[in-house]
Amino acid sequence: MDKSKRLFLKTKRSFRRRLPPIQSGDRIDYKNMSLISRFISEQGKILSRRVNRLTLKQQRLITIAIKQARILSSLPFLNNEKRILNNEKKF
C-alpha cells in the first residue's frame with residue numbers, strides 16, 4: 001500500500017458500551033415519578049434522546065408520560081425555584 005493512501009485510512013475506535021438507563025423491568029408510566037424525574041432538566045425541560053441515551057420508542061414513551069404527569073399536576077410545567085431564590089436575595 002502506498003504511503004499517501006495509508007494516511008487517509010480511518011482507525012477503528014474502541015468504545016465502551018454503556019448500560020441503558022431504562023431496564024427491561026422498568027415500566028414507563030406517568031405514575032413512576034422516580035423514573036420520569038431522571039429525564040427532566042433542572043428547569044423542568046425534557047432532555048434530548050442523545051443526552052438520555054434512549055431508543056426512539058423509549059423517548060416517545062417518556063415524553064408522553066411526562067406530559068401526562070404535567071397535565072395531572074404531578075409535575076410542574078416549569079421549575080421556578082431558581083428565580084424565587086434570586087428574588088429573595090434582592091429584598
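User: How many helices and how many strands are in the protein chain?
Analyst: This is a predicted model, in which local features need pLDDT of at least 70 and side-chain atom pairs count only at pLDDT 80 or more, while totals for chains, interfaces and linings use all residues. Residues are numbered from 1 along each chain as its sequence is written, and side-chain values use heavy atoms, leaving out hydrogens and water. Helices (H or I, at least four residues) and strands (E, at least two) are taken as DSSP runs numbered from the N terminus. Read along the sequence, the pattern is α-α-α-α-α, and the counts are five helices and zero strands.

User: Which residues does I62 touch, not counting residues up to four places away in sequence?
Analyst: Contact means heavy atoms within 4.5 Å. With residues up to four places away left aside, the partners of I62 are I22, I28, L35, F39 and L54.

User: Which residues form a nonpolar patch on the surface?
Analyst: A patch is made of residues with over 30% relative accessible area and no salt bridge, like charges being joined within 9 Å and nonpolar side chains (Val, Leu, Ile, Met, Phe, Trp, Tyr) within 5 Å. One member, L78, is found in the loop between α4 and α5 (81-90) and counts as partly exposed because its relative accessibility is 48%. Together the patch residues have about 460 Å² of accessible area, by the Shrake-Rupley method with a 1.4 Å probe, only the protein chains shown counting as cover for residues. The patch consists of I71, L72, F77 and L78.

User: With which residue does K31 form a salt bridge?
Analyst: A salt bridge requires a side-chain nitrogen of Lys or Arg within 4 Å of a carboxyl oxygen of Asp or Glu, and the structure holds one. K31 counts as exposed, because its relative accessibility is 57%. The closest N and O atoms are 4.0 Å apart, and the partner of K31 is D29.

Note on methods: Buried means under 20% relative accessible area, exposed over 50%, partly exposed in between (1.4 Å probe, protein chains only).
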